[in-house]
Protein chains: 2
Amino acid sequence: MEFEFEPIGIIHTPFTERGDTPVQPAGGAGIQGTVEVFEEYRPALKDLDGFSHIMLIWVLHRSDGYTLQVVPHRHSEIRGLFATRSPNRPNPIGVSVVRLDGIEQGLLHIRDVDMLDGSPLLDIKPWVPEFNDGDEIRAGWLEEEGRTGKGRRSSAGLRRKG
Amino acid sequence: MEFEFEPIGIIHTPFTERGDTPVQPAGGAGIQGTVEVFEEYRPALKDLDGFSHIMLIWVLHRSDGYTLQVVPHRHSEIRGLFATRSPNRPNPIGVSVVRLDGIEQGLLHIRDVDMLDGSPLLDIKPWVPEFNDGDEIRAGWLEEEGRTGKGRRSSAGLRRKG
């Protein structure tokens, strides 16, 4: 059983090499990019400008095979692939929440980008906060190693793009 | 340009009809489900049990065509499709953050489910909070209509599944 998806647009960012991209949203904070939505899909952008943040679903198009367990970059232990954000996955799909600064003629101005330039866009969803302040969150091995990757770059284990 | 994805597992939930599924995470709060990860991918689950929440990327397999603008269910205005969570989208991909209660033999016990029973799973990512308390969030037309869908069901405009 296979599913086929066709891009609805292209994401443009300052990142042209895999090693350049931010590890976590905080790493991409303030970094600007644009989303070019193909003309045929532009009527679907109506009302999107009312949202401060949007979720982009895109393809990790430079992904290159995968292994089921990985040693994340700058870490030392072997981790299960699904417990990491490694870009090399069975289905290389990226999910990013970005800040929306404005829309003009099918071009979305976004901030806090963490994907490679030229990434194919599959979907856009409005983003609304998912959790209340009271929720207790555990971040597994990321906490154990005492580093959540905030603001750092190029740690494959924490990559937002995977 | 097309991308092909193959399921890595199947999601089981109590929801067998599209009208049954929750509108927002709050609507699915506490509702239990399971994720059956296919045997060949199970080594990739190592370390995932340390996370309280995980992100599931899955296929809206009962999606049935789309229009670029929609009147969300229980709402009155026409909205751009990408400003809604309608399940009928050019690329019918769902993204859900769920609570992980435990893992045994490739079976993930999850809570706060909002997808249909039998949904094909494409990817699992560890989830870590994305925003600080100080971030200002605007939720566009959802705020204008004075209803954020919390705890309600079957409002296509707010569906978490789309």
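## Basis of the model

Because the model is predicted, local features are described only where pLDDT is at least 70 and side-chain atom pairs count only at pLDDT 80 or more, while totals for chains, interfaces and linings use all residues. Residues are numbered from 1 along each chain as its sequence is written, and chains are lettered from A, with ligands numbered from 1, in the order in which they are written.

## Two copies and their axis

Two copies of a chain are related by a rotation about an axis and a shift along it.

## The overall fold of chain A

Chain A contains 2 helices and 9 strands, where helices (H or I, at least four residues) and strands (E, at least two) are DSSP runs numbered from the N terminus. Along the sequence these elements follow the pattern β-β-α-β-β-β-β-β-β-β-α.

Of the 162 residues in chain A, 49% are buried; a residue is called buried if 20 or more other C-beta atoms lie within 10 Å of its own, exposed if 12 or fewer, and partly exposed in between, with C-beta atoms placed from the backbone. Among the contacts in chain A with a separation of 6 or more, 79% are between residues 24 or more positions apart, a contact being two residues whose C-beta atoms, placed from the backbone, lie within 7 Å.

## Where the chains meet

At the interface, 55 residues of chain B are in contact with 56 residues of chain A. The elements of chain B that give two or more residues to this side are strand E1 (3-5), strand E4 (53-59), strand E6 (79-80), strand E7 (93-104), strand E9 (119-126) and helix H1 (140-144), and E9(B) gives the most, with 6 residues. The residues on this side of chain B comprise 33 nonpolar, 8 polar and 14 charged, where Ala, Val, Leu, Ile, Met, Phe, Trp, Tyr, Cys and Pro count as nonpolar, Asp, Glu, Lys and Arg as charged, and the others, Gly among them, as polar. Since 100% of the interface residues of chain B are also interface residues in chain A, the copies meet through the same surface.

Strand pairing also crosses between the chains, for strand E1 (residues 3-5) of chain A is joined to E1(B) by 3 bridges and the two run antiparallel; strands are said to pair if DSSP finds at least two bridges between them. Within this pairing, Phe3(A) has Phe5(B) as its bridge partner.

## A barrel in each chain

In chain A, 6 strands close into a barrel in the order E2-E3-E8-E7-E4-E9, with antiparallel pairing, and the twist averages 45 degrees from one strand to the next. Strand E3 (residues 32-37) of chain A pairs with strand E8 (residues 107-111) of chain A over 5 bridges in the antiparallel sense, and Gly33(A) stands opposite Ile110(A) there.

Chain B likewise has a closed barrel of 6 strands, running E2-E3-E8-E7-E4-E9 with antiparallel pairing. Its strand E4(B) is mostly covered, with 6 of its 7 residues buried. E4(B) pairs in the antiparallel sense with E7(B) over 7 bridges, where Trp58(B) has Gly94(B) as its bridge partner, and also with E9(B) over 5 bridges, where Met55(B) stands opposite Lys125(B).

Not counting residues up to four places away in sequence, Leu56(A) touches Ile11(A), Val35(A), Ser96(A), Val98(A), Leu121(A) and Ile124(A).

Arg111(B), which lies in strand E8 of chain B, counts as partly exposed because it has 15 C-beta neighbours inside 10 Å. Leaving aside neighbours within four places in sequence, Arg111(B) is in contact with residues including Gly30(B), Val98(B) and Asp101(B).

Definitions and conventions
Axes are lines fitted to C-alpha atoms, for helices over the stretch in contact, and angles run from 0 to 180 degrees between N-to-C directions.
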